[in-house]
Amino acid sequence: MSEILVLVDHVDGAVRKPTLELLAIAKRLGAPSAVFIGGAGQAEAAAEQLGKFGAEKIYAVDDAQIKGYLVAPKAEALQQLAAATNPGAILISSSSEGKEIAGRLAIKLESGLITDAVDVAADGTTTQSVFAGNFTVQAKVTKGTPIITVKPNAAAPEEGAAAGAVEAFAVTISDAAKTAQIVASQPRQATGRPELTEAAIVVSGGRGTGGDFSAVEALADSLGAAVGASRAAVDSGWKPHTFQVGQTGKTVSPQLYVANGISGAIQHRAGMQTSKTIVAVNKDEEAPIFELVDFGVVGDLHSVLPALTAEVEKRKG
Ligand SMILES: Cc1cc2nc3c(=O)[nH]c(=O)nc-3n(C[C@H](O)[C@H](O)[C@H](O)COP(=O)(O)OP(=O)(O)OC[C@H]3O[C@@H](n4cnc5c(N)ncnc54)[C@H](O)[C@@H]3O)c2cc1C
């Protein structure tokens, strides 16, 4: 069974959920091996979790020559590991960094690349949702080592004890990969809410909020959800662009998407229509969003949402 390399997405050693999803997909394709690029001891600390979710091996790549630079050194490290292990496929999260690493790696390995897969079958056939979600495409890499970036929530993490054996892998990073250096970075202010693209539940608000997101945020917090916004809400300055869901914003595919005061324009749908369950609250029963919902409430969000939040809190209590 060939090895499937999974690039671990982590923050200071804390493994992010999309990596666990990639391990579940890797299991379909072969023997999952996690590639952990990080500081001394971090791979060992993450090994238990990575093994628990299916990593047979964990290649620990010391980031001493890598941190402080943009993505080029990571692509080079993966290239060297791929040359040494001849994997059956390489899976990377569909973040902007992940996609840039994947693109550079594909050129280095002269391999085919598929980005933004929403599913990957055991034979390597991927599913993508393209053209603002209007088409579903099946594609397969035909040359070299398949490199596939996968969107968050494409698979559920699967527990199943694997060895999780840590193996150090030494890389040599060229000067050419170090031409762009990070000179400063500040962590984003923590909101206490999950990351929009990774959240299992997203509660969004649109122009219908009138700029008052308090009811949307209260519902999101009662459900442990991320908050999203339509472009109309973002363009009005009510939320920053990082909250925007849609064609020119983020694509989300949570278990539950709650659209509030959002009409359901095609460009908004493009970013959320693969959500498993869609609920909308809109005061206009003719709003196009109702064409794609599983549950719809015709009403004023400023009264419906507080009632819903109270009910959620009551049931939690
Ligand atoms: C190239 C391009 C890219 C775009 N990209 C995106 C994108 O990424 N994301 C995106 O969202 N849009 C995008 N748009 C914009 C998109 O076409 C719509 O204009 C936008 O989605 C509308 O936002 P909205 O639904 O919040 O506002 P509206 O369309 O104005 O809808 C507001 C809704 O709120 C309802 N409402 C009003 N008051 C209440 C209330 N009190 N309670 C309940 N319901 C109420 C109304 O009935 C209405 O249905 C893009 C457009 C273009 C041309």
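Guide: A nonpolar core is a set of buried Ala, Val, Leu, Ile, Met, Phe, Trp, Tyr and Cys residues joined through side-chain atoms within 4.5 Å. Keep that handy, and keep in mind that this is a predicted model.

Visitor: Okay, which residues touch the most other members in the largest nonpolar core?

Guide: Those are Leu50, Ile58, Leu91 and Val150, out of 28 residues. Several elements give two or more residues to this core, including strand E1 (3-7), helix H2 (42-52) and strand E6 (89-93). Helix H1 gives the most, with six residues.

Visitor: And what does Leu91 touch?

Guide: Leaving out residues up to four places away in sequence, Leu91 touches Ile4, Leu5, Val6, Leu7, Leu22, Ile25, Ala26, Leu29 and Ile148. Another core, of 25 residues, lies apart from the largest one, and Ile66, Ala72, Ala77 and Ile101 are among its members.

Visitor: Let's move to strand E15. What makes it mostly covered?

Guide: Five of the six residues in E15 (277-282) are buried, and buried means under 20% relative accessible area.

Visitor: Why is E15 said to pair with E14?

Guide: Pairing takes at least two bridges, and E14 (256-260) and E15 have five, so they count as a pair, in the parallel sense. In one of these bridges, Leu256 has Thr277 as its partner.

Visitor: How do you know that E16 pairs with E15 too?

Guide: Four bridges join E15 to E16 (295-298), and at least two are needed, so this is a pair as well. These two strands run parallel, with Val279 opposite Phe295.

Definitions and conventions:
Residues numbered from 1 in each chain as written. Predicted model: local features only at pLDDT ≥ 70, side-chain atom pairs only at ≥ 80, totals over all residues. Heavy atoms only, no water. Buried < 20%, exposed > 50% of the residue type's maximum accessible area, 1.4 Å probe, protein only. Contact = heavy atoms within 4.5 Å.
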